[in-house]
Amino acid sequence: MTHPDSEKNKLQAEYLNNCHPKDRRFNELMFMIGNATFRFHQLSQKFEVTEDLWKEWLEGLPATIKSEMEKQGFEECKKILAFTRYINERNDIGFEEFLKKNIKPEDIQEYTKLISIKAYNCLPLVNYSALSDKIVPMIGDIIKQKRILNNWTTRTLAEKAGITANMVSDYERGIYKPRTKVISKLARALDIPVSDLTAPDDPTQSESHKVIRKMAIANKLRELRESRHWSVRELAQRANINHRTVTRYETGKAQPSRQVIIKLASAFNIPFTELAEAKISKTHQVVVPEMVQDTLNKFILLDAKDQLAIRMVIEALADKQQHRGRSNPLD
């Protein structure tokens, strides 16, 4: 696909003639995708773009990006593809569909393969912590899980929630976080509590709180499995994960990610929150000696590097103790 500006097409052709032969195909595909993207961007000019729509778009962005876009302002954001894509897809003109309609599937596949190779080669340069916003994919995973459990297509869910199918697709893939009003619509359509779509992990949780939460999930997981008379392997097969991993979850040696919790919840046919928000029952509560609590309080004050070092020592000693099979830790 060519650029709508003939001068841009001339510059692209000149660049391709002068670039290294091994890079020519990639650059050719890059221009093709770029030109199609620009034409998609221009489609938003057909619609009324208001400041209210801009604020609506901002509400669904990760906090760091939202802050930057607020600094840019409404008029500048009208020139940004992310915003115009939101406008287009709000009017049910999907970006992926537009590309497939205007570019050959084999060209898109080849470009995707080449760009993934180049991205892999640049991995050390990427600051993933700056890109992360865990709530977005978490919400998307839950929406997708509930939709599939209902045997609905994205369009079916969109119609029931009163939004477009393209927006549902974007929410499920974590491209956007649905704003508050849309979350209410989706929860109503899926017949789930709004809290299921608004309960992210708290990064400020203390280390002791995380340990308690890990054990709560471990106990709940084992309780659910045993109540169904399933073996560890059977649960692993139903959830499509490794049986050794299930054992680590049940013993509290590892905590399942939200995506894995969704798989486990689906296997048990229970709401996501029943497992994710499990609490320590009275039968599982442990009275922590004052000396241990004092040590734990000091541990929490250490930086992450020192905490990791101490945890590695403890785990090594625990493994050594288990290997010896001794019951007395002071032996």
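**Figure 1. His229 in the loop between helix 14 and helix 15 of the predicted model.** His229 is exposed, because its relative accessibility is 73%. The residue lies in the loop that links helix 14 to helix 15 (232–239). Its backbone also stands out: phi of His229 is near 60°, a positive value in a residue other than glycine. Most residues other than glycine have a negative phi.

**Figure 2. Asp191 in the loop between helix 13 and helix 14.** Asp191 has a positive phi of about 60°, although it is not a glycine. The loop that holds Asp191 runs between helix 13 and helix 14 (207–227). Asp191 counts as exposed because its relative accessibility is 70%, and the cut-off is over 50%.

**Figure 3. Helix 11 and helix 13 at their crossing.** Helix 11 spans residues 154–161 and helix 13 spans residues 180–190. Their axes come within 8 Å and cross at roughly 110°. Helix 11 is therefore roughly perpendicular to helix 13. The crossing of helix 11 and helix 13 is right-handed. Helix 11 contributes Leu157, Lys160 and Ala161 to the contact, and helix 13 contributes Lys185, Leu186, Ala189 and Leu190. By class, the contact of helix 11 with helix 13 has five nonpolar residues, two charged and no polar ones.

**Figure 4. Lys146 and Leu149 in helix 10.** Helix 10 covers residues 135–149. Beyond its neighbours within four places in sequence, Lys146 is in contact with Leu190, Ile192, Pro271 and Phe272. Leu149 lies in helix 10 as well. Leu149 counts as partly exposed, at 46% relative accessibility. Leu149 and Ser266 are 117 residues apart in sequence, yet their C-alpha atoms are 8.3 Å apart in space.

**Figure 5. Helix 17 and the residue that follows it.** Helix 17 runs over residues 258–268. Eight of its eleven residues are buried, so helix 17 is largely enclosed by the rest of the structure. The buried residues of helix 17 are Arg258, Val260, Ile261, Ile262, Leu264, Ala265, Ala267 and Phe268. Asn269 follows helix 17, and its phi is positive, near 60°.

**Figure 6. Helix 2 and helix 6 at their crossing.** Helix 2 covers residues 21–42, and helix 6 covers residues 81–90. The two axes come within 8 Å and cross at roughly 60°. Helix 2 is therefore oblique to helix 6. Helix 2 passes helix 6 in a left-handed crossing. On helix 2, Thr37, Phe40 and His41 take part in the contact. They meet Leu81, Thr84, Arg85, Asn88 and Glu89 of helix 6. By class, the contact of helix 2 with helix 6 has four polar, two nonpolar and two charged residues.

**Figure 7. The protein as a whole, as context for the close-ups.** The secondary structure comes to 20 helices and zero strands. The protein has 331 residues, of which 35% count as buried. Among contacts between residues at least 6 apart in sequence, 67% join residues at least 24 apart. The protein exposes about 21,000 Å². Carbon and sulfur atoms supply 54% of that area.

Conventions:
Residues numbered from 1 in each chain as written. Predicted model: local features only at pLDDT ≥ 70, side-chain atom pairs only at ≥ 80, totals over all residues. Heavy atoms only, no water. Axes fitted to C-alpha atoms, helices over the stretch in contact; angles between N-to-C directions. Helix = DSSP H or I, 4+ residues; strand = E, 2+ residues; numbered from the N terminus. Parallel < 35°, antiparallel > 145°, perpendicular 65-115°, else oblique. Left-handed = near helix turned anticlockwise from the far one by under 90°. Contact = heavy atoms within 4.5 Å. Nonpolar A, V, L, I, M, F, W, Y, C, P; charged D, E, K, R; others polar. Buried < 20%, exposed > 50% of the residue type's maximum accessible area, 1.4 Å probe, protein only. Areas by Shrake-Rupley, 256 points an atom, 1.4 Å probe, with all protein chains shown as cover.
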